[in-house]
Amino acid sequence: RREDENYYMTYKGGGMMAREEYNLPLDADSYAHLLQKADGNIITKRRYLIPFHAYTIELDVFEGLFEINDKFEPEYLLCDSYTVEGNTYRMHIKQGVTFSDGSALQASDVVASLRLAKEEASYYAPRLANIASVRADGGDTVVITLNRMNGNLPRLLDVPIIKKGSEEDKVALGTGGYVLQADEQNGGYILTAREGWHLGKNRPYARIELTKVGTVDELIFGF
């Protein structure tokens, strides 16, 4: 299993809802060697980590400039083209993308999101440590300058993009196919499929209720 630049061999015990797992660290060469011997389909998941009080929520609600396919290659998502000159990347932002409140995605939103992701306490800080600066050039271009050249930068830019300023709100605004909303009536959170998603794909559910669980028993018997 690969998670960013970390590699593991995972051993899983028996059970369905609850089971033991052990992770044996690997280096990149060992991971690449074992990957060639994998049977069946190789699964890739795009996960975004959202701090929530004492917890971390993993949701596929937000989107990055790129996403990683099952061959570990970057594919365009919120970026539709880029150029490289020396240590500088110029990323063009896909047009027609909106946040869940209907406002258009701007280069300034991407800049603000990447700067937040670079902060020392951020989960994404290690992968973005080589970025010297990030700025907007107009409303549709982001300029990223590196300390040293890295041709793999697009692979690192599946960082969630949120609307500038919404990081201080109860729920940040993203561009994904679902909207994370507070359920004021029940005191929890829900995911709702949004209209106007730029990818236009069908979502499997129109509404998903999120249930807070604190123990394994609550997870098993709470549904």
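Reader: What makes up the protein as a whole?

Author: The predicted model has four helices and 14 strands. Of its 223 residues, 32% are buried. Among contacts between residues at least 6 apart in sequence, 47% join residues at least 24 apart.

Reader: How do you know that the sheet with β8 and β10 is open, and which strands stand at its edges?

Author: The four strands run in the order β8-β9-β11-β10, with antiparallel pairing. β8 and β10 each have a single partner strand, so one side of each is left without a neighbour in the sheet. Those two strands are therefore the edges. Direction ignored, neighbouring strands of this sheet are turned by 20° against each other on average.

Reader: Why are β9 and β11 said to pair?

Author: Two strands pair if DSSP finds at least two bridges between them. β9 and β11 have five bridges, in the antiparallel sense, so by that cut-off they count as paired. Among the bridge partners, Tyr89 goes with Ile144 of β11, and Arg90 goes with Val143 of β11.

Reader: Why is β11 called largely enclosed?

Author: Five of its six residues are buried, so the rest of the structure largely encloses β11.

Reader: How do you know that α2 has the span expected of a helix?

Author: α2 covers residues 107–118, which is twelve residues. At 1.5 Å a residue the expected reach is 16 Å, and the reach from the first C-alpha to the last is 17 Å, close to that value.

Reader: Which residues of α2 are buried, and what covers them?

Author: Ala107, Asp109, Val110, Val111, Ala112, Ser113, Leu114 and Ala117 are buried in α2. The cover includes β9 (88–93), β10 (131–136) and β11 (141–146). α2 lies across β9, β10 and β11, and runs at about 155° to β10.

Reader: What makes Phe66 and Tyr82 an edge-to-face pair?

Author: A search of the whole structure finds five aromatic pairs. For Phe66 and Tyr82 the ring centres are 5.9 Å apart and the planes stand at 80°. Rings pair if their centres lie within 6.5 Å, and planes over 60 degrees apart count as edge-to-face.

Reader: Why is the pair of Tyr82 and Tyr89 called tilted?

Author: The centres of Tyr82 and Tyr89 are 5.7 Å apart, with 35° between the planes. Planes under 30 degrees apart count as stacked and over 60 as edge-to-face, so 35° leaves tilted. Tyr89 is buried, with a relative accessible area of 1%. Phe66, Tyr76, Tyr82 and Tyr89 form one aromatic cluster.

Reader: What makes Asn69 a buried loop residue?

Author: Asn69 lies in the loop between β6 (66–68) and β7 (74–76). Its relative accessible area is 14%, under the 20% limit, so Asn69 is buried.

Reader: Which contacts does the side chain of Asn69 make?

Author: A polar atom of the Asn69 side chain lies 2.9 Å from the backbone nitrogen of Glu73. The side chain of Asn69 also makes a polar contact with that of Glu75, at 3.0 Å.

Reader: Which strands are at the edges of the three-stranded sheet, and why?

Author: The order of this open sheet is β12-β13-β14, with antiparallel pairing. β12 (178–183) and β14 (207–210) each have a single partner strand, so one side of each lacks a neighbour in the sheet. The twist averages 25° from one strand to the next. β13 (residues 188–193) and β14 pair in the antiparallel sense over four bridges, and Thr192 has Arg207 of β14 as its bridge partner.

Key
Residues numbered from 1 in each chain as written. Predicted model: local features only at pLDDT ≥ 70, side-chain atom pairs only at ≥ 80, totals over all residues. Heavy atoms only, no water. Expected span 1.5 Å × (residues − 1). Buried < 20%, exposed > 50% of the residue type's maximum accessible area, 1.4 Å probe, protein only. Contact = heavy atoms within 4.5 Å. Polar contact = N/O pair within 3.5 Å; in protein donor to acceptor, adjacent residues only side chain to side chain. Phe/Tyr/Trp six-rings, centres within 6.5 Å; stacked < 30°, edge-to-face > 60°. Axes fitted to C-alpha atoms, helices over the stretch in contact; angles between N-to-C directions.
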